[in-house]
Amino acid sequence: MKDTISGAAAALAALAVLAGPLAAHEVDRGPFGRDGFHAALLGFLDGNDDAGITIEEINATWAALFGDADSDGDGRLSAEELADVTELWRTERRLRRVETWIEGYDSDGDGLLSLDEATAAAGSERVERMLRRLDGDGDGVVTRAEMDAGDHGRWHRRWKKRGH
């Protein structure tokens, strides 16, 4: 029984550690959501594509990720190695998000965002709704006081958390 519990604890610990690289793998270029996250988790860890995950597959994935992070090959991870690989995962994730954003507004399909396309994106209905929500007095101008006073959901909380 103790081996089962420690095996389950090891699997959960491995899943927690794998959350960083897994988060870099987005499903169908869209937000995860619960179902999307489960599909991504299964796809990321299922080494033999049998639609199931075993402790062996989790360990194999962990070993591969560990090997990628161990840049000096000494079999141990330094703080610098771990910081380097987590920064790489973050960078890859940001790049995919930006590429997805560009694809959404690239009206001529050249893979680049022109000033006209960016201007059209800034004038989109979603942005206009956000500005109307922020504009407390309805004068068409959003001030810092209106931004600070309003509840602007996830965007506002993220912005404030980053120290803005």
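1. Start with the side chain of D135: one of its polar atoms sits 3.1 Å from the backbone nitrogen of D139. Bear in mind that this is a predicted model. D135 belongs to the loop that runs between α6 (125-134) and α7 (144-149).

2. What is the nearest side chain of opposite charge to D135, and how far away is it? It is R132, at 8.8 Å. So here we have an aspartate that is buried and has no salt bridge, because a salt bridge needs the nitrogen and the carboxyl oxygen within 4 Å. Setting aside neighbours within four places in sequence, the contacts of D135 are G140, V141, V142 and E146.

3. Now the salt bridges that do turn up: the whole structure has three. Two of them share E87, which pairs with R90 at 3.5 Å between the closest N and O atoms and with R94 at 3.7 Å. That links E87, R90 and R94 in a network. R90 and E87 are both in helix α4 (residues 79-105), three residues apart, or about one turn of the helix.

4. How accessible are the members of that network? E87 has a relative accessible area of 36%, so it counts as partly exposed. R90 is partly exposed as well, at 45%, and R94 is partly exposed at 46%.

5. The D74 and R76 side chains also form a salt bridge, with N and O 3.7 Å apart.

6. Helix α3 (residues 55-69) passes a simple length check. The buried residues of α3 are E57, I58, T61, L65 and A69. Looking down the axis of α3, these buried residues stay within an arc of 115 degrees, which means they line one face of the helix.

7. Finally, the overall picture. The protein chain has eight helices and zero strands, giving the order α-α-α-α-α-α-α-α from the N terminus on. Of its 164 residues, 20% count as buried. Taking contacts between residues at least 6 apart in sequence, 30% join residues at least 24 apart.

Key
Residues are numbered from 1 along each chain as its sequence is written. This is a predicted model: local features need pLDDT of at least 70, side-chain atom pairs count only at pLDDT 80 or more; totals for chains, interfaces and linings use all residues. Side-chain values use heavy atoms; hydrogens and water are left out. Buried means under 20% relative accessible area, exposed over 50%, partly exposed in between (1.4 Å probe, protein chains only). Helices (H or I, at least four residues) and strands (E, at least two) are DSSP runs, numbered from the N terminus. The arc is that of the directions from the helix axis to the C-beta atoms. Lys and Arg count as positive and Asp and Glu as negative; His and the chain ends are not counted. A polar contact is a pair of N or O atoms within 3.5 Å; within protein, one must be able to donate a hydrogen and the other to accept it, and residues adjacent in sequence count only if both atoms are side-chain atoms. Contact means heavy atoms within 4.5 Å.
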